Amino acid sequence: MYLSDRVTGLFLVALGGVAAYGGSRLPPVPGQQIGPEVFPMVVGIGLALCGGMIAAGIGRSYEDEAEADLAKISAETEADGIPAAAHHSRWWELRALIPPALLLFYYFAVDRLGFLPTAGVVILVASLALGARARLAVPLALIAPLFVNLVFLKLLRVPLPSGMLPLPWIGLP
Amino acid sequence: MSNLTQAFALVFQTDVLLAILLASIYGLVVGSLPGLSATMATALLVPITFYLSPIAAIATIIAASAMAIFSGDIPGALLRIPGTPASAAYTDEAYAMTRKGQPELALGIGLWFSALGGIAGTLSLMLLAPPLAEMALQFSTYENFWLAFLGLMCATLVARSSPVKAIASMLLGLLVSCIGIENPAGTPRFTFGMTDLFGGIEVIPALVGVFAVSEVMRAMMSAEPPKLPFRRFGSILKNQWNLTKQYVAPQVRGNIVGIIIGVLPGAGADMAAWVSYSMAKRFSKTPEKFGTGHPEGLIEAGASNNASLASGWVPALLFAIPGDTITAIAIGVLYMKGLNPGPTLFTEQASSMYALYIIFIIANIIMIPLGIMMIRLASRVLRAPRSAIMPVIVLMCAVGSFATGNNLFAVLTVAAFGVLGYVMERNGYPVAAMVLGIIMGTMVEQNLVTSIMKSDGSVLPFFDRPVAAVLAAMTIGALLWPVFAWGWRRVRMAAA
């Protein structure tokens with residue numbers, strides 16, 4: 001998800017502009033000179049200014065130095081026989097979205113399916129995505145949710161939903 | 001004196017001692033696993049601290065973070081992969097020592113000087129905090145505003161990135177803190193009609209997202225680190241006393257630099273290690289030996305990163321300004337436990353503060369035996385496959401953030417901040433600056449609005465009082481510094 005400075009900079013300009021505008025529309029406090037609108041406006045304008053500078057490439061030279069340091073280290077690592085990350089297609093980067101997608105799945109599914117099945121799916125998918133064999137991923141998906149359930153439900157008394165799998169003997173009603 | 005007795009009574013309770021021990025083991029294991037940082041270890045602990053007594057909660061944070069910073073050295077020395085970013089500065093040096101057949105020496109230096117550095121940092125906390133608290137009691141909202149603003153600016157100055165991007169990150173954090181009804185008028189601000197946003201973005205889920213989920217996202221993209229071969233170690237602490245006597249200056253310098261960097265808001269153990277390692281090289285009589293497995297740099301940087309850890313608590317306890325990302329999390333825990341940061345903490349809750357010092361000292365002492373055990377077990381712990389650990393972390397992020405408020409919306413917050421943290425890091429926007437903005441936003445706004453109301457719209461009172469004027473000058477200097485630096489470079493380039 002590497003984006004050029006121009007893209008991130010212009011995004012910040014837009015975000016800052018929207019924040020400042022949104023702030024300016026907030027109702028003032030009667031009888032006060034200053035209300036809830038001032039802070040978002042100041043921050044929004046600042047953000048838009050910074051975004052503009054980033055898009056224009058100001059401050060880029062500092063990053064070039066840090067990147068040169070990093071490149072030196074990875075070149076040395078490769079020279080030592082440790083392979084650097086292989087080059088992949090554009091779609092490869094989307095793999096990074098698996099963990100947040102699993103959290104979204106947890107959000108939508110946990111009340112309906114219950115904690116244990118949802119957690120099992122989260123663990124199984126994450127483990128397989130990280131390259132585990134089924135021999136490791138399946139037992140992990142069965143055991144780890146039970147362990148987390150024990151810690152949070154039994155020791156910390158966090159109400160985890162039982163959903164369609166009521167198991168009174170492990171505390172799920 | 002009675003405060004001290006009370007403090008000992010607070011610490012020497014079964015639950016607190018057990019919390020220290022378990023958190024230490026947890027910190028050692030998590031810190032030693034590459035890709036899991038000390039900040040992440042701390043962030044994942046917070047939901048657990050919810051259910052502990054205040055002192056036990058703080059003890060877990062202190063013990064886990066101190067151990068994790070040390071144990072990050074273990075894979076650095078053995079595999080040339082730093083366990084935490086704080087070890088990255090001297091990983092090459094430690095690994096060179098292992099290649100020379102002295103892994104015990106490299107790991108022993110890491111352990112021994114980390115413990116000594118941690119104790120030096122604790123002493124600085126004990127000596128610095130009370131007089132500063134005395135001074136801070138006299139502060140009005142003007143001073144508090146400038147101090148908070150200065151804290152935010154420091155975070156942007158110390159970032160190893162473009163200062164413009166650092167300021168943008170910080171402003172983004174301030175914008176996030178605008179969400180909710182906690183503002184001067186109590187009006188819903190940027191809530192888009194969602195009741196879940198009325199209370200604002202909760203800090204803990206946001207931190208878990210930024211520091212834990214984004215780390216798992218990065219793991220998805222990188223190759224698994226190589227397995228560590230089984231290895232028998234000789235005596236770990238042999239020669240350490242001789243090294244302590246031989247390298248007094250680097251050690252003291254490392255401690256002092258670590259303490260200073262720890263106190264600066266936003267800069268933590270990793271920055272301390274980088275600065276100290278390069279200072280060791282600059283001041284060394286034998287700089288040519290650096291990089292070939294020479295103990296000097298390891299001693300200075302190892303002492304420095306652990307010293308910064310304790311001194312990072314100084315601004316956190318006094319002004320609720322985090323000294324680093326770990327204390328950013330600790331501030332959340334302090335509020336949660338009714339130990340609201342501020343100078344009055346030292347007058348009204350003195351025994352709790354003494355207890356905190358005692359916990360720091362205990363953690364740094366038990367680091368030595370536990371660290372030796374961890375080093376001996378390292379080849380087993382480091383064999384744990386990443387594909388088994390990371391999935392459990394994803395689950396812990398979900399359940400842990402839910403547990404902080406019994407609110408499923410927190411899980412969405414974690415996911416969103418995970419993506420945000422990942423994208424920011426990938427594009428050179430320092431995440432720590434944003435975190436500081438989120439945590440300090442409400443405080444900055446409150447002090448700004450109250451000050452303007454008090455001054456009846458005039459700017460002059462912001463500079464009237466002597467301390468406020470000094471802080472204002474420092475803040476404006478920090479704000480203009482990147483412009484000066486940029487202009488100076490231009491002049492030099494034109495001259496060349």
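The rule finds 1 salt bridge across the interface of chain A and chain B, a salt bridge being a side-chain nitrogen of Lys or Arg within 4 Å of a carboxyl oxygen of Asp or Glu. The side chains of K165(B) and D5(A) form a salt bridge, N to O at 2.8 Å. On the side of chain A that touches chain B, at least two residues each come from α1 (5-24), α2 (38-55), α3 (60-79), α4 (98-113), α5 (115-129) and α6 (134-155) of chain A. Helices are DSSP runs (H or I, at least four residues), numbered from the N terminus.

The model is predicted: local features need pLDDT of at least 70, side-chain atom pairs count only at pLDDT 80 or more, and totals for chains, interfaces and linings use all residues. Residues are numbered from 1 along each chain as its sequence is written, chains are lettered from A in the order in which they are written, and side-chain values use heavy atoms, without hydrogens and water.

The contact (heavy atoms within 4.5 Å) involves 73 residues from chain A and 78 residues from chain B. About 6500 Å² is buried between the two chains, and carbon and sulfur atoms give 77% of that area. Buried area is the accessible area (1.4 Å probe) that two parts lose on being put together, summed over both.

Chain B also carries a nonpolar surface patch of about 850 Å², with L157(B), V459(B) and F463(B) among its residues. Helix α23 (residues 466-495) of chain B gives the largest share, 6 residues. Patches join nonpolar side chains (Val, Leu, Ile, Met, Phe, Trp, Tyr) within 5 Å, from residues with over 30% relative accessible area and no salt bridge. F463(B) lies in helix α22 (residues 461-464) of chain B.

How values were computed
Patch = residues over 30% accessible without salt bridge, like charges linked within 9 Å, V, L, I, M, F, W, Y side chains within 5 Å. Areas by Shrake-Rupley, 256 points an atom, 1.4 Å probe, with all protein chains shown as cover.
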